[in-house]
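Please keep the sequence and the structure in view while reading.

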Amino acid sequence: MVTKLKVGVLASGDGSNLQAIIDRSLSGDLLVEVVCVITNRSAAFALERAKKHGITAHYLDYRDFSGREAYDVALVALLRSHGVELVVLAGFMRIITRVLLNAFPLAVMNVHPALLPSFPGLDAQRQALDHGVKVAGCTVHFVDEGTDTGPIIIQAAVPVLSDDTVETLSGRILIQEHQAYPEAIRLFAQGRLKVEGRRVLISDEHHSPLAHASISLSKELKR
Ligand code: GRF
């Protein structure tokens with residue numbers, strides 16, 4: 001029997017990235033199992049998505065804890081109780097602490113809706129539009145103690161069009177997130193990611209659709 005990597009997903013909102021990861025894991029080519037979903041918002045639709053797929057879902061209310069570290073101690077305990085090996089932040093709107101990072105060294109990932117290191121933090125798509133960039137995109141990276149500063153695993157680019165709004169650009173980027181995040185998780189599950197300083201080296205790189213960033217960009221521009 002093939003052993004699947006146990007993934008715990010932390011989400012605060014709609015959970016479309018969670019859904020993409022679940023869908024890819026069910027299709028069988030990811031070799032991962034989403035074993036739990038944890039949210040800091042009781043109304044997060046991610047909870048419904050988890051339940052629909054029979055995945056244990058937890059709501060952790062920050063008001064029950066004395067501070068960020070105490071919250072993360074509880075998070076770690078929950079993740080460990082499910083045997084989680086990789087923690088996936090998917091729209092988790094909460095700053096995490098060293099407590100979580102030390103418990104899962106180089107095993108916490110995040111997706112950010114910009115081509116880092118440009119436009120870290122909140123409202124990345126608006127930052128990109130306001131700056132007037134012609135190419136935007138998403139970044140999947142390992143999480144470190146900074147805000148969106150960890151080693152970059154995968155990036156995917158999209159064009160910024162003249163009539164874009166934050167909504168249209170976000171939608172175009174989100175489509176790429178749904179491809180890039182499962183792909184980064186697949187590479188992790190296959191043991192193909194090696195972190196050397198700031199660089200994440202991918203073994204056997206031609207077996208990864210990393211090139212899809214430029215391919216999808218040129219397709220969009222031809223429209
Ligand atoms: C995504 O755009 C992600 O990059 C950002 O938050 C959003 C989450 O979307 N961190 P969803 O909840 O996965 O639909």
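The text below treats the ligand site and then the backbone of some loops.

The model is a predicted one. In it, the ligand sits in the largest pocket. Helix 1 (16–27), strand 5 and helix 6 (166–189) are the elements that give two or more residues to the shell around the ligand. This shell includes Asp14, Ser16, Asn17, His112 and Leu174. By class, three residues of the shell are nonpolar, five are polar and two are charged.

Which atoms of the protein lie 2.8 Å or 3.3 Å from atoms of the ligand? The table gives the pairs.

| Protein atom | Ligand atom | Distance |
|---|---|---|
| Gly15, backbone N or O | oxygen | 2.8 Å |
| Val111, polar backbone atom | nitrogen | 3.3 Å |
| Glu177, side-chain N or O | oxygen | 2.8 Å |

On its own, the ligand has 370 Å² of accessible area, and the protein covers 81% of this.

**Backbone features in loops.** Most residues other than glycine have a negative phi, and most peptide bonds are trans. The peptide bond from Leu116 to Pro117 is cis, with omega near 10 degrees. Pro117 belongs to the loop between strand 5 (108–112) and helix 5 (124–131).

Asp123 also lies in the loop between strand 5 and helix 5. Although Asp123 is not a glycine, its phi is positive, at about 55 degrees. A positive phi of about 60 degrees is found for Asp148, which is not a glycine either. Asp148 is placed in the loop between strand 6 (135–142) and strand 7 (152–159).

Are these two residues buried or exposed? Asp123 is exposed because its relative accessible area, 53%, is over 50%. Asp148 is buried because its value, 14%, is under 20%.

Definitions and conventions. Residues numbered from 1 in each chain as written. Predicted model: local features only at pLDDT ≥ 70, side-chain atom pairs only at ≥ 80, totals over all residues. Heavy atoms only, no water. Helix = DSSP H or I, 4+ residues; strand = E, 2+ residues; numbered from the N terminus. Buried < 20%, exposed > 50% of the residue type's maximum accessible area, 1.4 Å probe, protein only. Near = heavy atom within 4 Å. Polar contact = N/O pair within 3.5 Å; in protein donor to acceptor, adjacent residues only side chain to side chain. Areas by Shrake-Rupley, 256 points an atom, 1.4 Å probe, with all protein chains shown as cover. 1 Å grid on protein atoms, 1.4 Å probe; cavity = no way out; pocket = protein on both sides within 12 Å on 5 of 7 lines; lining within 4 Å. Sits in = over half its atoms within 2 Å of the grid points. Nonpolar A, V, L, I, M, F, W, Y, C, P; charged D, E, K, R; others polar.
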